[in-house]
Amino acid sequence: MKKKLLAALLTLSMFAATLGGCGSTPQEGSTTADTKAAAESTETVNKESGSTDGNLSEGKIVFAYWGAESENNAIQAAVNDFRAAHPEIEVETQWIEADYLTKLQTQIAGETTADVYLISAGDLPGFAANFETQTVDAAKYLSENVVEALKIDGELKARPFIVKPKVMAINKDLFKECGVEIPAKDTPMTIDAFKEAIVALSSQETDPQRFGCESPWMGNLIYAFGGSYYKNNGTESNLDSKEDIAAANFVIDSRAAGYVPDSIQAQGQSMMDWFLSGRIAIYTDFGPWYIPQMEEVSFDWDLLPYFNNGGCKEVDGLAVAGASENKAAAQVFVEYMCENESAQKAIGGDSSAYGVPVNVDALPAFESIYPEKNMNAYVYAAYNQTPQETQKRTNEISSVMGRVDDETGVGTGTEKPEDVFPDIAAEINEILQQ
């Protein structure tokens, strides 16, 4: 499921971002305070889970997660791998196909929590208080920033499980038809090169009109221009920066010139469907969950890194509920799922894969899913893209960010970003300082 917190934070063309982004016996340094306390207790029987003081990492746990069918298939494969390795722990899977966060809130409020939850870094701030703090060896993961992405106030509240970066999918047939050279697979295009490409790939003479790319999502685009959502360790809005304003004006100018669809043309339309039908030459917001849709397309396609190191990556982790009555078994589960090579290959190593494994040893399995395609573009992005930037006061910030779409050409407004963004940034700063 394409899940973007920034979509909740921000508005259509500007800062949306995704919904819709880890165990064996706990090792030294990876056991929480509650787990240690449980291990030190004696003659204790956990009546709910069935675990005893003789073996606190057995019994039953419930694992809740969201996702489309392809995502469910990959997660089930990893869970089955765990079951084979740890028959002493019964895992009940709870696949929540819709309204995941609402149901998570309901479970917490009703004291009916699962033991382990899949949670994205973007959604974590609102739930962190309900999860156990974990400790990991960052060297076991793809990069240190995927670990940092799941920290709240310096505490790791979920163990990295999978990375969902954004890359660009291209219609190679249209590139050839328009005489545009296929870009390098391992080096991002510059901003100028990208602009030249979408100009050459666009045509107002075709019926229907063909566009160089969909209207770029600002949640990816600001990073290509060297911008960000926040500055000074997330304590101030960066919306008033020249980089963020330049990214906004790129969208406005490209729409005006007809290189990308404007807000009216795109209203109610699926840009992915336009790409699949050949009406868009480059799809810049291409997450790994889209790959299964490409199996039956009629044109030649490939993947490229997001231009100028843009894009942001969703980092999803596994969190242990503070209310779990079998935390020891839950820790065994999350550690295995996140660090074990076999489980990580199950997550990212077949056609159901929906993200990049966080275990480096599992990366070759991910890249070999479609050996004729540039799957390494995702791996490059998993290392280099910026994790989602989030704040605890998301609802208030989202309300203020509505002005971006309402007042400027990024959405349906007419004012210039340079005239509006500084005022919006000031409002956000007031919220952040409360």
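I started with the charges over rings, and found the charged end of Arg-279 over the ring of Trp-274, 3.9 Å from its centre. My criterion was NZ of Lys or CZ of Arg within 6 Å of the ring centre and within 35 degrees of the ring normal. I also noted Lys-373, which lies over the face of Trp-301 at 4.6 Å from the ring centre.

A reminder to myself: this is a predicted model, where local features need pLDDT of at least 70, side-chain atom pairs count only at pLDDT 80 or more, and totals for chains, interfaces and linings use all residues. Residues are numbered from 1 along each chain as its sequence is written, and side-chain values use heavy atoms, with hydrogens and water left out.

Next I looked up the aromatic pairs, and the structure holds 20 of them. Rings of Phe, Tyr and Trp (its six-membered ring) pair if their centres lie within 6.5 Å; planes under 30 degrees apart are stacked, over 60 edge-to-face, and the rest tilted. I picked out Trp-289 and Tyr-290, a tilted pair at 6.0 Å centre to centre with 50° between the planes. Both Trp-289 and Tyr-290 are buried (under 20% relative accessible area, with exposed over 50% and partly exposed in between, for a 1.4 Å probe and protein chains only).

Tyr-283 took me to a sheet, as it is the bridge partner in β11 of Ala-169. Strands here are DSSP runs of E, at least two residues, and helices are runs of H or I, at least four, numbered from the N terminus. Two strands pair if DSSP finds at least two bridges between them. The sheet is open, with 4 strands in the order β8-β11-β7-β12 and mixed pairing. Which strands stand at the edges? I found β8 (211–213) and β12 (301–304) there, each with a single partner strand, so one side of each has no neighbour in the sheet.

I then followed β7 (residues 167–171), which runs antiparallel to β11 (residues 280–286) and is joined to it by 3 bridges. Another 4 bridges join β7 to β12, also antiparallel, and Met-168 has Leu-304 as its partner there. Both faces of β7 are covered: Val-167, Ala-169 and Asn-171 are buried on one side, Met-168 and Ile-170 on the other.

Last, I checked the buried residues of α3 (residues 69–85); among them are Ala-74, Ile-75, Ala-78 and Phe-82.

Conventions
Expected span 1.5 Å × (residues − 1).
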